[in-house]
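Here are my notebook entries from a first look around.

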Amino acid sequence: MPAHSDSTPAATGLRCFRCGGEFPFTLEAYTCPRCGDGAGDDPGILDVLYDYDAARDAFPRGEGAAGGGVFRWRALLPVPERMETLPAGGTPLVPAPRLAERFGLRALYLKDETRNPTRALKDRATAVALQVAAALGHRTLYCASAGNAAISLAGFCAHAGLECRVHVPARASPTRLGWLRRFGAEVRVCAGDYDLAYSEAEAEGRSRGGYSRNCAFNPLLVEGKKTAAFEIAEQLGWKVPDLVLSPVGDGCTLGALGKGFRELARMGRTDALPRLVGVQAEGVQPLTARFHGRAAAEGETRATSIAVRRPRNALRLLSEVEASGGTMLAAPDHEMEEAARLLAREGGVAAELTSAATLAGLARLAAAETLEGRTAVLVVTGGRIDGDS
Ligand SMILES: *Cc1c(COP(=O)(O)O)cnc(C)c1O
Ligand SMILES: [Zn+2]
């Protein structure tokens, strides 16, 4: 039985990626009670466990276009939808035949997450955060972010009439700060990078309260992100693509997609797993380096949404990429810039630099192996172009 009456019936437990410990499900879950934040090592990130037999019958069986957004998949979410929010999810899967031909693919699709309410996949996690906050009675939400997570939270809180406190790095772009102010968030610009913003956010959370929308530690938000995988499979008629490429910063997004595809196979909706390909920036690639057993060099990147030097979701990300038989790549900024141009000119989708990492990764993959006859999906995670208003 679920430990919290406000959770969904299929969510039965929590398991730590670090120590393997299992705990009863609770909406108040954060990090593993045994491992905590890992004291400098990998934190004890928890994973929501479900009773798949209980979820199977209530899980959508639609054909073709996904619609209805994140909570259409509530059979495999930890919370029901109890308040109305901006409509996250239900984004189109856009065929990109010109790009497919360029890389010798049978088909290429762009999962266009730029069409979410605040222009990024982050909205899927925010939608879940608001439902959990409502169930727990919080009126204030907070997070640390290089931009998109904070803007997403600010937009959703503005719409719902909730207080929003965000902590951003010193180098957050004027474009991103402008969006935060537009949505009326309380903005704290810290003196350092994302990692400092993160500690400050959590410290202030402890002193001033509020609900944390930090995907890095909050184990429930990843559940919202995995709905992008459900939609991709449904949009392809419950056939999974050969390859799914996503930019990787903290690791939560691609880890979530991997979980979603595994759950579909587990419930018998699909009969294979796509190879997950995570793409990082050459200048900041701790997870790519770790995947390949190399030391990560210290560098810079203009792809700010994935410039995470201390990823918290490493264990989740690495286990999903390995389970899928996939790999991790890194691309330099100039290749991402070229890819962003190509996505616009031959795909008709305006992606932010970070999201163009997917196409840069595909180009690198195509140079290393033949993609003949393959189907690939690029997860275009966001469309907030710095320098634009
Ligand atoms: C946050 C973000 C990512 C990376 O997601 P992680 O969960 O940090 O790996 C990729 N693209 C965009 C646009 C983002 O905002
Ligand atoms: Zn643990």
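I looked up Arg-119 and found it partly exposed, at 36% relative accessibility (buried is under 20% relative accessible area, exposed over 50%, partly exposed in between, with a 1.4 Å probe and protein chains only). Its phi is near 75 degrees, a positive value in a residue other than glycine. Arg-119 sits in the loop between β5 (107-112) and α3 (122-136) (helices, H or I, of at least four residues and strands, E, of at least two are DSSP runs, numbered from the N terminus).

Next I checked Trp-238, where phi is near 60 degrees, again positive in a residue other than glycine. Trp-238 is in the loop between α8 (227-235) and β10 (243-247), and at 13% relative accessibility it counts as buried.

**A note on the model**

This is a predicted model: local features need pLDDT of at least 70 and side-chain atom pairs pLDDT 80 or more, while totals for chains, interfaces and linings use all residues. Residues are numbered from 1 along each chain as written, chains are lettered from A and ligands numbered from 1 in written order, and side-chain values use heavy atoms, without hydrogens and water.

**The zinc ion**

Which residues coordinate the zinc ion (ligand 2)? I found Cys-16, Cys-19, Cys-32 and Cys-35, each through SG, at 2.3 to 2.4 Å (donors are N, O and S atoms within 2.8 Å of the metal, or 3.2 Å for Na, K and Ca; water is not among the atoms, so sites may look incomplete). The donor residues are spaced C-x2-C-x12-C-x2-C in sequence. I noted that Cys-16 is buried, at 3% relative accessible area, and that Cys-32 is buried too, at 1%.
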